[in-house]
Amino acid sequence: MKEKLDNIKAAALREIELASTTAELNNVRVKYLGKSGEISLLMRDMATVAKEDRPAMGKLVNELRNAVEGTLIAKTEQIAELEKQARLKAEAIDITLPSSAQRLGSLHPLTAIRRELIDIFTGMGFTVADGPEIESDLFNFQLLNIPKDHPSRDMQDTFYVNDNIVLRTQTSAVQARIMTNAQPPIRVVSPGKVYRSDDDASHSPIFNQFEGLAVDEHITMGDLQGCLTTFAKKIFSEDTKVRLRPSYFPFTEPSVEVDVTCSMCHGKGCRVCKGTGWVEILGAGIVNPAVLDMCGIDSKKYSGFAFGFGIDRIAMIKYGIPNIKLLYENDVRFLAQFN
Ligand code: DAH
């Protein structure tokens, strides 16, 4: 019997020694100490042992059980610790790795320029006005001294909704709305979308204009020039020069086209200014007295200046954008360059 106990002990301790996972160790525990494990069965065999030998035998079996149990507990702790270390290693996070980059959005270049323009003109005392994009022929043309069937209508390729309604071709329509509703002093700018049946690298059927109007006593061409020079220096750069050339618009008299020194080459000549050093940016003039009178403002007492330009064109010149379509395709590879 004693020999049997020693064999069991040696086998159990060896199996404990060989176990390398909690699961394997558990199997050993069941095999020896489980309900029908080898050591538990020894207790049952006690019945067959002679009565006088039972206490000594019981003691031996107990010692065996304690020895196996003790070794099992020690090994369990050892394996648990090893398993914990392995888990910690596997789950470790390298906090020195760079995090995944956050992509920041940016303003669309037209939005950025529009905001900058509003900032510049409100800084000179202008307020901002809006008007409808589906406009009546009256405000878009007639009150601006462009009567029905007048040849000057050909300057603009109009989308007609019907005989009296158009998609506005110019933000100048807002001028007519303002002047029929308010008396001088008036200082307003009006940014917004306009529409023309025109489509090439520098024209889009939908584009953005920016209109300005000042009406008061004694407004002169000098005021217009001063205002536009300030604007050009602020939107392009301090060294920008402005020149006025005679032109024609039905709603201004006299009318001018306004050029600025090229912001890309600062007047030296480049691709943007086609080698001339100058780029045309806007139309302007002294509000035609006929327009003032038609809109209900006394042209004997008041005079005004007005100007209008394409926000798209300003963006193209300022950033060297070769094709207006880039502004409307919303390709993020293009837009991300304006961060
Ligand atoms: N409305 C003109 C256009 O679309 C631009 C313009 C020229 C606006 C002269 C004005 C102005 O207010 O005075 O081409």
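Trainee: How are α2 and α3 oriented to each other, roughly parallel or roughly antiparallel?

Mentor: Quick caveat: this is a predicted model, with local features needing pLDDT of at least 70 and side-chain atom pairs pLDDT 80 or more, while totals for chains, interfaces and linings use all residues. Numbering runs from 1 along each chain as its sequence is written, and side-chain values use heavy atoms, leaving out hydrogens and water. The axes (lines fitted to C-alpha atoms over the stretch in contact, with angles from 0 to 180 degrees between N-to-C directions) of α2, residues 22-33, and α3 cross at roughly 10°. Angles under 35 degrees count as roughly parallel, over 145 as roughly antiparallel, 65 to 115 as roughly perpendicular and the rest as oblique, so α2 and α3 are roughly parallel.

Trainee: And which residues of α3 does α1 meet?

Mentor: Helices here are DSSP runs of H or I, at least four residues, numbered from the N terminus. The axes of α1 (residues 2-18) and α3 (residues 38-45) come within 11 Å and cross at roughly 165°, which makes the pair roughly antiparallel. Counting contact as heavy atoms within 4.5 Å, Lys4, Leu5 and Ile8 of α1 meet Glu38, Ile39, Leu42 and Asp45.

Trainee: How many disulfides are there?

Mentor: A disulfide takes a pair of cysteine sulfur atoms within 2.5 Å. The sulfur of cysteine 270 is 3.6 Å from its closest cysteine sulfur, in cysteine 262, which is too far for a bond. The count comes to 0.

Notes:
Helices (H or I, at least four residues) and strands (E, at least two) are DSSP runs, numbered from the N terminus.
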